[in-house]
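Dear colleague,

Please find the structure we discussed below, together with its sequence.

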Amino acid sequence: MSTDQGPVPRWLDERQMASWRSFVAAMNLVTRALDRDLRVQSDLTNDDYEVLVHLSELPDQRVRLGELAARLRVPKAHLTYRIARLEKAGLVERAECPSDGRGVLAVLTPAGATRLADAAPGHVDSVRRHVIDHLTPDQLDALGDAMSAILRGHDGECAAAAAAEC
């Protein structure tokens with residue numbers, strides 16, 4: 001439905017608003033707590049850690065920046081800034097793409113792999129303290145299902161955004 005001034009907003013009902021507010025508050029709290037713990041324990045941000053994890057999981061620990069941005073579901077411009085920070089710290093390096101002279105690869109350095117290995121136990125402990133330990137197994141399954149549904153709902157948007165920024 002729309003009016004002369006545009007579409008009519010689909011307001012949230014009381015139940016939806018309560019769920020939304022809980023989601024926002026929990027995400028803000030958890031994100032800040034995980035980031036704080038990583039910074040204190042490993043001098044990494046959540047964003048840094050996420051990049052290092054994705055690179056570490058690839059067979060040759062390297063990937064084109066556009067593909068990494070799509071995997072992380074972030075705009076390529078934001079990833080470029082992250083990579084520059086990690087490169088300055090010696091944790092990641094850039095390399096030319098052998099199959100495409102215009103492409104740039106992000107490559108995990110040995111120092112990056114070591115930092116990630118050192119950070120992982122503390123990060124897992126932090127994830128357990130701030131999220132996992134507060135949920136029953138059924139709640140954890142429901143959370144996983146809910147977040148997967150949200151991600152699936154945005155897959156087309158993320159793919160289009162990544163393609164536009166290549």
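The notes below concern the packing of helices and the nonpolar core.

Please bear in mind that this is a predicted model.

I begin with the pair α3 and α4. Helix α3 covers residues 65–72 and helix α4 residues 76–88; their axes come within 9 Å and cross at roughly 105°. With angles of 65 to 115 degrees counted as roughly perpendicular, the two helices are therefore roughly perpendicular to each other. On the α3 side, the contact is made by L65, G66, L68, A69 and L72, which meet K76, L79, R82 and I83 of α4.

The largest nonpolar core comes next. This core has 23 residues, and those with the most contacts inside it are V51, L55, L68, L79 and I83. Two or more residues each are given to this core by α2 (46–56), α3, α4, β5 (100–108) and α5 (110–130). The largest share, five residues, comes from α2.

Which residues does I83 touch? Leaving aside residues up to four places away in sequence, I83 touches V51, L65, L68, V92, R94 and A106.

Finally, α2 deserves a separate remark. Eight of its eleven residues are buried, so α2 is largely enclosed by the rest of the structure. The buried residues in α2 are N46, D48, Y49, V51, L52, V53, H54 and L55.

With kind regards

Technical notes: Residues numbered from 1 in each chain as written. Predicted model: local features only at pLDDT ≥ 70, side-chain atom pairs only at ≥ 80, totals over all residues. Heavy atoms only, no water. Axes fitted to C-alpha atoms, helices over the stretch in contact; angles between N-to-C directions. Helix = DSSP H or I, 4+ residues; strand = E, 2+ residues; numbered from the N terminus. Parallel < 35°, antiparallel > 145°, perpendicular 65-115°, else oblique. Contact = heavy atoms within 4.5 Å. Core = buried A, V, L, I, M, F, W, Y, C linked by side-chain atoms within 4.5 Å. Buried < 20%, exposed > 50% of the residue type's maximum accessible area, 1.4 Å probe, protein only.
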